[in-house]
Amino acid sequence: MSPCNELILSCDEVQDTKLLSLISSILLAQGNKKAEVSAVGQRIVKLLEGRLPEGQSSRHLLPVLSNVISLSPVSLTEEQTNVVSKKMVDWLRYASIQQGVPQPSGGFFSNPRARQPGPVTEVDGAIATDFFTVLSLGQHYTEDQWLNMQAFSMLRKWLLCYGGEGMSTPNSDDRSEMDGSVMSMVSTTSTSSHLLPPKERLREKAFEYCQRLIEQSNRRALKKADGELQKACLIEAVTILDIICKQDSSYVYRTLSSLKILHDRISGDVTYARALLPIAQFFLNHSEMAAVDSDAIYKHLFTEIPAQLFHNPSLAFEFIQFCKDNSQLFTDTSSIFRQSFPNLFKFLAWNSPPLISEFVDLLPFLLDAGTAIEIFHLLLDLPCLTAALDIQLRSTSLPASEKASCDPAVKPATCLEAFRHPLYKSMFQYLLRVEASPEDSPERLIPLRQLLGSLASSPRVVQCADTVPVLLELFFSVVTEFADKLLINQLVLLVLQRSDQLYEIPAFKDDVYRVLSSQLLTLCKLHPALIVELSKELLEFLGSVGNIRNKEALYTHMVWAIGEYMSVSYDKRCTVEQINRFFEALEAMLFEITQLRPLASIPNYAPRVITVLMTTLTKLASRSQDLIPRVSLFLSKMRMFVQSPAVTSVYCEEDREEILIRATELMNLLKMPSVAQFVFTPPADVASTQFQRDTNESLPFALRMVSRLLEGGAGFMPG
């Protein structure tokens, strides 16, 4: 049976509020194709405006109205919003403070006196003496009390949609005038608020309601559930106060003192940690206008909360979201934000998968010239930080008898013992620091990385390690936007140094080498003169065969950069002596990995390492032409190398052919030194042309073109 297209569902004539709620839910779920949202909104407001029939309740209508606001705020006219604002004032401020009457159980002998309602109470059991709120407790609730709770639940949404329209805000720059107006408003609020327009009166009553909730949150709840409700209501109340103050700045001065007192009261209780976020948000938004120093609030937030509650996943997400939403504001107004990055990274280290996208947005705001080096170290040590946090968390849960101080003379047998051992204590403290410490040396962590190796296979540590390459690439893309020559030189040296100091997770190390290798070329391209300025350190790195074996990608990219940028074209300080020194170091490395030794196994180095070394030696020889005979002799022996039985047993035919073809091309090119110099070191006016562009290879396209021309004439092949 096909559906009936003529079936129409309408709420226009429905009088039963419960039925209207059900019908409206169906209509709103269908979207707004036929203006259903507006029709539902009109009907709800019309029923709220008039007197409901006997037995009907407005309680069924407010959730529907909340949905209408979410779907289409413009569906209500200003006149209709004024109607609802007046209703919300009554619901919020004038609900009964007597408990509701329970439903009668029936029976001839039921006692009416036993059912007389008593007053509502506070969460600590005291009788409520002020107006009713969501934190007022009773066994049964009246209709207006239910409406009070529902009105508060939708108050934030209502104020955001309709609270700020058509309002006038005092001039925030004229503080002396504002102070007078504030005192005047405080003194006349109780007598004149009923004369205010509906939106402003709702704002005033919402302010009183939230202040009442803050007062109620100071009471000691008798039940755990009521204590949790206190915290949730406190967060909502502070958030609403922030909205009110944005819409009317005259409320700022009336709110600041109460929130400062509130912060002082709850800041020492970690169970209120989530409530500190909206308080900090309020001071971020309004402290400058009120000329209030809020650094103490920010410092407590960033130093205490992440260090103690990094393992709380919901708080971690809210905290990082808060930082992301306010990152620009923090960087403009307070240095505490950037200085606290070690603490913020604890959230990521412990909650890597769910927080990675937030950190991708946040990291650029943490980076500047002062934090870049330390953040680079921390990114590489992020899996190690995860392991250290695991140890810290387990250590705090140990019984007191097991927390006794360790014997300094006895080497710790486990990571837990090492956490309290004097030999490792300072290392743990540095890794778990709460704020930036640029004067400390990260090299001190080398023993700690080795100690924490037993946790390298932990799922949490592995998950954290997987996020590092993404953040490293982002790190370099941001830093290269502002890095000066000194910072670039520092980063290049750190790339080479830290490549030996990584947490022992094989896949992690491979991914990090890949990122560092590609970024090394970016840094060299930004500042080619670093090849001359760091020649001593680079020669030391290039002179180790172990770096070829263990860090092949990094070594290959560094060799390529030497051949590309070790030229007077990039740095006038480049001398023939410096070119010769690099040539001799790389020549020794190429000889070492291609030497045929009797009864010795041939190391299986990637063909790319050999071809890049040959190419770089040829480039250097073209700039110091006394070296051409040496490199030509070496290249001429490559046929014998690739045809030896030892090599054929290690390299496949395709790899051997790749090495031989490159050697042939380079040999042919060196037969014409002037052409070789043009190809390898083109003048500035042609260096960026398509003819010289190097894509996916170590040589420009010109090399193959010249080589083919020469082969056509001489047919030369090394051998």
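Visitor: Does cysteine 323 count as buried or exposed, and at what relative accessibility?

Guide: Happy to. Cysteine 323 counts as buried, because its relative accessibility is 0%, where buried means under 20% relative accessible area, exposed over 50% and partly exposed in between, with a 1.4 Å probe and protein chains only. Before we move on, two notes on reading the model. This is a predicted model, so local features need pLDDT of at least 70 and side-chain atom pairs count only at pLDDT 80 or more, while totals for chains, interfaces and linings use all residues. Residues are numbered from 1 along each chain as its sequence is written, and side-chain values use heavy atoms, with hydrogens and water left out.

Staying with cysteines, the structure holds zero disulfides, a disulfide being a pair of cysteine sulfur atoms within 2.5 Å. Cysteine 384, for instance, is in no disulfide, and its nearest cysteine sulfur, that of cysteine 415, is 9.6 Å away. Cysteine 384 counts as buried too, at 1% relative accessibility.

Now let us step back to the whole chain. Of its 719 residues, 51% are buried. Its secondary structure comes to 37 helices and zero strands, where helices (H or I, at least four residues) and strands (E, at least two) are DSSP runs numbered from the N terminus. Among contacts with a separation of 6 or more, 74% are between residues 24 or more positions apart, with contact meaning heavy atoms within 4.5 Å. The chain exposes about 33,800 Å², and carbon and sulfur atoms supply 54% of that; the areas come from the Shrake-Rupley method with a 1.4 Å probe, and for residues only the protein chains shown count as cover.

Inside, the largest nonpolar core has 226 residues. Such a core is a set of buried Ala, Val, Leu, Ile, Met, Phe, Trp, Tyr and Cys residues joined through side-chain atoms within 4.5 Å. Phe345, Leu452, Phe475 and Met558 have the most contacts inside this one. Leaving aside neighbours within four places in sequence, phenylalanine 475 is in contact with Leu363, Leu367, Ala372, Ile375, Phe376, Leu379 and Leu491.

Valine 14 is buried, with a relative accessible area of 12%. Beyond its neighbours within four places in sequence, valine 14 is in contact with Leu19, Leu20, Ile23, Arg43 and Leu47.

H8 has 19 residues and reaches 27 Å from its first C-alpha to its last, close to the 27 Å expected at 1.5 Å a residue; the expected span is 1.5 Å times one less than the number of residues. H8 is mostly covered, with 17 of its 19 residues buried. Helix H35 (residues 653-670) has 18 residues and reaches 26 Å, close to the expected 26 Å. Its buried residues include Ile659, Leu660, Arg662, Glu665 and Asn668.

Finally, the charged pairs. The whole structure has 26 salt bridges, each a side-chain nitrogen of Lys or Arg within 4 Å of a carboxyl oxygen of Asp or Glu. In one of them, the side chains of arginine 93 and glutamate 208 meet at 2.9 Å, N to O. Arginine 93 lies in helix H4 (residues 78-93) and glutamate 208 in helix H8 (residues 198-216), so this pair ties together parts 115 residues apart in sequence. Arginine 93 is partly exposed at 23%, whereas glutamate 208 counts as buried at 18%.

Lysine 299 forms a salt bridge with glutamate 435, their closest N and O atoms being 3.5 Å apart. Lysine 299 is in helix H12 (residues 295-309) and glutamate 435 in the loop between helix H21 (422-431) and helix H22 (446-451), so parts 136 residues apart in sequence are tied together. Lysine 299 is partly exposed at 41%, and glutamate 435 is partly exposed at 36%.

Arginine 630 and glutamate 587 meet in a salt bridge at 2.5 Å, N to O. Arginine 630 belongs to helix H32 (residues 628-636) and glutamate 587 to helix H30 (residues 576-594), a link across 43 residues. Here arginine 630 is partly exposed at 35%, while glutamate 587 is buried at 17%. Elsewhere, Glu122, Asp124, Arg212, Glu215 and Arg219 are linked in a network of salt bridges.
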